[in-house]
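Let's take a friendly look at how side chains pack inside a protein. Have the sequence and the model open as you read.

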Amino acid sequence: AAERPYAVAIVEGQAIIHYRTLSRAVLAVGWHLRRSGIAAGDVVGVALPHSAMYLVTVYALALIGAASVALPLSDPAALRARYVQRFRVARIASDGADADPTGIPTVMVSAAALRDAPRNLPADLRVPGGERPWTIWRTSGTTSEAKGVPGLHLTSLAMARAFAGHFPGANERYLCVMDLTTAYGLNTCERTLFGGGTIVMPALPLAETEFLECIDRYAITHVALTPNFFSVLLPHLPADGVRCPSLRTAISAGMAMPESLRAEIRRRFSPALSIMYASNEGSYLTCADAALQERHPETVGTSMPGVELETVDEEDRQVPAGEPGSIRIRTPWMLKGYVDAPSEAQQRTFRNGWIYTGDVGVLSEDGMLFLKGRVDDMMNYDGIKIMPADIEAALLSHPAVAEAVAFPAPSVRHQHVPMAAVVLRSPARPEDLVEHCRPLLGSRAPVALSLDRTLPGNAMGKAAPREIADRMAAQLPEHLR
């Protein structure tokens, strides 16, 4: 705001918000929040729609020393009430669009709050950040109740400086289609404002054709999406030729993206596809640009600046290159724990001076990381570590297989027995499919295989239903049980 006051910070509909205006808005809302009783150290739930005001409110809370936590309006009231209790929310910032049922005091945030602020705001409004949290991100909660990850002022600043080259800078434009209530959506906007770029913020949800039109209309240089969004774009892209050649970066993060989809996106959407592996606890960990993806299909790249990454066994010993292991990371800005999480959850993720991501990966000799799934998914067959994703990939390479999911059967003699279920697109015998896997997987090939009409999971490692696993386990010969 001081260096380039009339540079555009946010474009929202017909509104153009310059950096000087954004800075003034943050100060005005900070004054309003302080006057409403919010104090340094408070945790405030943000129950606002995806908008520029959402960003202003988050920054205003950070300014006065409070921390924000998202209370998505799309979540059921009971779930939002659990977040309020879990993270000890003292106030809720809302525009009145959705009354909160918890009885927590609500502070109204609107354009009127900006107009009511005095011209000369109090000098003591800004509270030094340091190691104080400015926000709390919620983990996905796929294995347990969602946990809170504190975003600290100093650590966020260090990460923004380290990763600046991957995000928009001055005179560059980011199209914000990831909801601000997610860590991915908020962090990408934070990185854009840190670099002096412009956030273009359309109303959500945004149809695929509207997304492509926005890239053209606003001369967008950066997008950040999930593989799911890239996938639904495919029918709207030309069969030959690049749809968006002016993009400088098209980031994919949040979940695995198969090489088949990557290749189509590089060829038909943008050659600037950048694959990033990230975690809520460790932020961005690795990156693979298009050149790395083409040389090393399926890789998620090498470590980001400042990130030390290892793969280890159950005794925390580094595993050899080419072997699967649990991924752990260490950075100069790493967090030390969750907000108010059980001790077992803390110990599982934060121990020995490292953050354990819960993912299994393989590191190549030259430092390329390949993701294989979650630690909880790994099978142990007579001491041989097997990832479901490897079995699924081998089965899907057979022309008769349309879908595949791999899973273990518990065994007294072997600990786990690797099995799989498939849906066929053309006739094939189970024993032939198992034999197809042996040259590709060796001793990691499935021992038993079931043919099914439909599968509840997919080739991304989702578990088969208990009835399929139990049925197949009951049919195993005695020496495998």
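Leaving out neighbours within four places in sequence, Val223 is in contact (heavy atoms within 4.5 Å) with Tyr174, Leu175, Phe211, Ile215, Leu247, Thr249, Ala250, Ile251 and Phe269. This is a predicted model, where local features need pLDDT of at least 70 and side-chain atom pairs pLDDT 80 or more, while totals for chains, interfaces and linings use all residues. Residues are numbered from 1 along each chain as its sequence is written, and side-chain values use heavy atoms, without hydrogens and water.

## The nonpolar core

A nonpolar core is a set of buried Ala, Val, Leu, Ile, Met, Phe, Trp, Tyr and Cys residues joined through side-chain atoms within 4.5 Å. Buried means under 20% relative accessible area, using a 1.4 Å probe and protein chains only; over 50% is exposed, and in between is partly exposed. The largest core has 108 residues, and Phe211, Val223 and Phe269 touch the most other members. Helix 2 (residues 52-63) gives the most to this core, with 10 residues; helices here are DSSP runs of H or I, at least four residues, and strands are E runs of at least two, numbered from the N terminus.

## Rings that meet

Two rings of Phe, Tyr or Trp (its six-membered ring) pair if their centres lie within 6.5 Å; planes under 30 degrees apart are stacked, over 60 edge-to-face, and the rest tilted. The count comes to eight aromatic pairs. Phe211 and Phe269 are stacked, 6.3 Å centre to centre with 25° between the planes. Phe211 lies in helix 7 and Phe269 in the loop between helix 9 and strand 13, so this pair ties together parts 58 residues apart in sequence.
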